[in-house]
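Work through each task before reading its solution.

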Amino acid sequence: MSPKKILIVYLSRTNNTKAIAEIIQKNVGGNLVALELDKPYPENYQQTVQQVVKENETGYLPPLKTKIDGIENYDVIFIGFPTWDMQMPPPMKSFLHQYNLSGKTVIPFNTNAGYGVGSGFETVKELCSNSNVLEGFSIKGGIERDGVLFVMKDEKLKEAETEVKEWLRKIKMIKQ
Ligand SMILES: Cc1cc2nc3c(=O)[nH]c(=O)nc-3n(C[C@H](O)[C@H](O)[C@H](O)COP(=O)(O)O)c2cc1C
C-alpha cells in the first residue's frame, strides 16, 4: 500500500493555530495550506468580532482566495482553526462547504482564548458527514481581546509539542 497523502489546512490570524499546524506537519508530514480570503478581515479586533457575529447570524460564507488543487488525491485532511464567537470561523465554514471531503479521514484542531472550541468540532462533523472524523485537539492560544497575540513560543511551544504528540499517538497518526 502507498503511504497516506496528508493535507493540513488551517486558518490563523495571529499565528497560534499556524504553530500547531507546523507541529503536526513536523510529526506526520504532508502539505500545509493557510486559508486566505478575497477580502481580509479588518485589523481591528472589535470590528472583526462584529463582522464575524453578523456573518454567523446570516450564514454568510466569505469567498476564499486560497484554491486547493487535487484535493481528491488526499486521504487525510487536518482542519485547524481558532475559536471565533464560540464557533468555527466563517472562512473555515466556506472551505468545508466548497470542498467535498467524503470518504476521507478528517482531523480537526483548534486554539482558543481559554473558552474552548465551542461548537467548532460539532460543525466539522456536520459539514463532513460522509468523512471519518477523528477526535480533535484543542489548546489555549492567544487572547487578542486583551492584547495577547502570539503565545506559541519558548515553554508554551514545548508544552504544545508534547500535547500534540500525545494526541497524534492516541489517534494512531504516529507510533511513538
Ligand atoms: C474575531 C475573534 C473572535 C474570537 N472569539 C473567541 C471566543 O469566542 N472564544 C475564545 O476562547 N477565543 C476567542 N478568540 C480568541 C482566539 O480563538 C485565540 O486568540 C486563538 O488562539 C487565535 O488563533 P490564531 O493565533 O491562530 O489566530 C477570538 C478571536 C478573534 C480574532
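**Exercise 1.** State how many residues line the second largest pocket and which lie nearest its centre.

*Solution.* Step one is the count: in this predicted model, 15 residues line the second largest pocket. Step two is the centre, where Leu-11, Ser-12, Arg-13, Leu-35 and Glu-36 lie nearest. Step three is the volume, about 310 Å³ for this second largest pocket. Step four sorts the lining of the second largest pocket by class: 9 residues are nonpolar, 2 are polar and 4 are charged.

**Exercise 2.** Describe the largest pocket by its volume, then by its lining.

*Solution.* The volume of the largest pocket is about 570 Å³. Its lining has 27 residues, and those closest to the centre are Tyr-45, Thr-83, Trp-84, Asp-85 and Ala-113. Next, look for the elements behind the lining: H1, H2 and S4 each give two or more residues to the largest pocket. H2 gives the most to this lining, with 5 residues. Sorted by class, the lining of the largest pocket holds 12 nonpolar, 11 polar and 4 charged residues.

**Exercise 3.** Find which space the ligand takes and which elements give two or more residues to the shell around it.

*Solution.* Start with the location: the ligand takes the space of the largest pocket. Two or more shell residues come from each of helix H1 (16–28), helix H2 (45–58) and strand S4 (105–112). H2 gives the most to the shell around the ligand, with 3 residues. The shell has 23 residues in total, and Ser-12, Arg-13, Thr-14, Thr-17 and Thr-83 come nearest to the ligand. By class, the shell divides into 8 nonpolar, 12 polar and 3 charged residues.

**Exercise 4.** Take Asp-85, Ala-113 and Tyr-115 in turn, and give the distance from a backbone N or O atom of each residue to the ligand. Then state how much of the ligand's accessible area the protein covers.

*Solution.* The cut-off for a polar contact is 3.5 Å between N or O atoms.

- For Asp-85, a backbone N or O atom lies 3.0 Å from a nitrogen atom of the ligand.
- For Ala-113, the distance from a backbone N or O atom to an oxygen atom of the ligand is 3.0 Å.
- For Tyr-115, a backbone N or O atom lies 3.3 Å from an oxygen atom of the ligand.

Conventions. Residues numbered from 1 in each chain as written. Predicted model: local features only at pLDDT ≥ 70, side-chain atom pairs only at ≥ 80, totals over all residues. Heavy atoms only, no water. Near = heavy atom within 4 Å. Polar contact = N/O pair within 3.5 Å; in protein donor to acceptor, adjacent residues only side chain to side chain. Areas by Shrake-Rupley, 256 points an atom, 1.4 Å probe, with all protein chains shown as cover. 1 Å grid on protein atoms, 1.4 Å probe; cavity = no way out; pocket = protein on both sides within 12 Å on 5 of 7 lines; lining within 4 Å. Sits in = over half its atoms within 2 Å of the grid points. Helix = DSSP H or I, 4+ residues; strand = E, 2+ residues; numbered from the N terminus. Nonpolar A, V, L, I, M, F, W, Y, C, P; charged D, E, K, R; others polar. Points joined across faces, edges and corners; volume = space filled by probe spheres on them.
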